[in-house]
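Trainee: I would like to go through this model and ask, term by term, what each label rests on. Could we look at it together?

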Amino acid sequence: MIHHQCGNSRANYHRNAFFYTDTTWDFHLHKNLEVIYVLEGCVKCTVNNVLYHLTAGQFGLCLPYDIHRYEPEENTRYWVLVFSEDYVRFFVKQTAGKVAQSFPFHCCPAVENYVKEQLIFNDAPTILTLKSCLYAICQEFLKMIELEKRDLKETLIISQVIDYIEANLSGKISLADLAANLGYDYNYMSRYFRRIFRMTFTEFVNIYRLEAAIRLLEDTDKNITSIAYESGFQSVRSFNTFFKERAGCTPSQYRNTSRK
């Protein structure tokens with residue numbers, strides 16, 4: 001199963017960075033770029049259906065809409081930064097419409113030490129520091145990783161699907177309406193969805209709605225009913241049921257826990 005992390009597809013200098021140990025991230029994709037750095041151990045990274053072993057001292061860089069999964073081995077510690085294209089617009093133009101032919105790479109010692117000091121272990125880097133570190137990583141990536149043309153049709157469809165869902169999130173969304181709106185045959189879209197995302201269109205939309213609801217639970221004081229309907233669920237009951245199935249707790253319990 002693959003899901004789209006809508007929270008990691010935002011612009012306006014969006015970023016988030018975390019250290020992880022035993023956390024596995026299942027297959028997902030997003031519009032923003034992502035850097036991973038292994039401090040200790042090894043992370044099994046599956047990127048665009050290819051398995052790589054990222055070991056201590058190695059970086060990896062996911063381009064927009066790369067489908068990826070991280071599974072750390074025992075005694076592993078790694079760092080992940082997701083960031084919007086605003087920070088590295090020139091690099092994004094250079095790599096637009098392309099896909100990397102490999103994933104792990106090393107930065108030269110000077111760049112690695114600079115990035116560790118100024119970004120990885122710096123809790124409050126300035127925007128200029130962020131840009132300098134990210135461009136340094138991107139430059140090392142371009143030195144070591146070959147790129148080739150991406151299947152633009154596939155990337156375009158993913159982008160169109162996400163844009164359509166975002167624009168119609170609070171209303172009823174059907175695969176038939178999506179296919180008609182984008183000018184594709186219904187059966188083609190149905191097969192495409194199962195092949196790329198490994199789930200039904202309804203499941204994908206509900207996961208997208210769940211992430212939207214989680215952001216509202218964390219960032220606002222709106223009541224549960226308002227959040228359910230604003231996120232596009234047709235009833236509070238269906239919202240509560242799906243939320244508990246996916247998050248393991250009720251929306252109210254999640255809000256109380258997230259604010260402690």
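Trainee: At what angle do helix H5 and helix H6 pack, and how far apart are their axes?

Mentor: Helix H5 (residues 175–182) and helix H6 (residues 186–197) pack at an angle of about 110°, with their axes 9 Å apart. Bear in mind that this is a predicted model, in which local features need pLDDT of at least 70 and side-chain atom pairs count only at pLDDT 80 or more, while totals for chains, interfaces and linings use all residues. Residues are numbered from 1 along each chain as its sequence is written, and side-chain values use heavy atoms, with hydrogens and water left out. Helices are DSSP runs of H or I with at least four residues, strands are runs of E with at least two, and both are numbered from the N terminus. The axes are lines fitted to C-alpha atoms, for helices over the stretch in contact, and angles run from 0 to 180 degrees between N-to-C directions.

Trainee: Why are H5 and H6 called roughly perpendicular?

Mentor: Angles under 35 degrees count as roughly parallel, over 145 as roughly antiparallel, 65 to 115 as roughly perpendicular and the rest as oblique. The angle between H5 and H6 is about 110°, and the pair is therefore roughly perpendicular.

Trainee: Which residues of H5 and H6 meet?

Mentor: With contact taken as heavy atoms within 4.5 Å, Leu175, Ala176, Leu178 and Ala179 in H5 meet Tyr186, Met189 and Ser190 in H6. The residues of this contact divide into 6 nonpolar, 1 polar and no charged, where Ala, Val, Leu, Ile, Met, Phe, Trp, Tyr, Cys and Pro count as nonpolar, Asp, Glu, Lys and Arg as charged, and the others, Gly among them, as polar.

Trainee: What makes H2 and H3 roughly antiparallel?

Mentor: The axes of helix H2 (residues 109–120) and helix H3 (residues 127–144) cross at roughly 150° and come within 10 Å, and by the cut-off for that angle H2 and H3 are therefore roughly antiparallel to each other. By class, the contact of H2 with H3 has 9 nonpolar, 3 polar and 1 charged residues.

Trainee: How do you know that Asp86 and Arg89 form a salt bridge?

Mentor: A salt bridge is a side-chain nitrogen of Lys or Arg within 4 Å of a carboxyl oxygen of Asp or Glu. The closest N and O atoms of Asp86 and Arg89 are 3.1 Å apart, and the pair forms a salt bridge. The side chains of Glu85 and Arg89 also meet in a salt bridge, at 3.6 Å from N to O, and by this rule the count comes to 7 salt bridges. Side chains of opposite charge can pair when their charged atoms come close.

Trainee: Why is Asp86 called buried, and why is Arg89 called partly exposed?

Mentor: Buried means under 20% relative accessible area, exposed over 50%, and partly exposed in between, with a 1.4 Å probe and protein chains only. Asp86, with a relative accessible area of 8%, is therefore buried, whereas Arg89, with 44%, is partly exposed.

Trainee: What makes Asn49 exposed?

Mentor: At 63% relative accessibility, Asn49 counts as exposed. Asn49 is placed in the loop between strand S5 (42–47) and strand S6 (50–55), and has a positive phi of about 70° although it is not a glycine.

Trainee: Where is Asn75 found?

Mentor: Asn75 lies in the loop between strand S8 (68–72) and strand S9 (77–83). Asn75 is exposed, with a relative accessible area of 69%.
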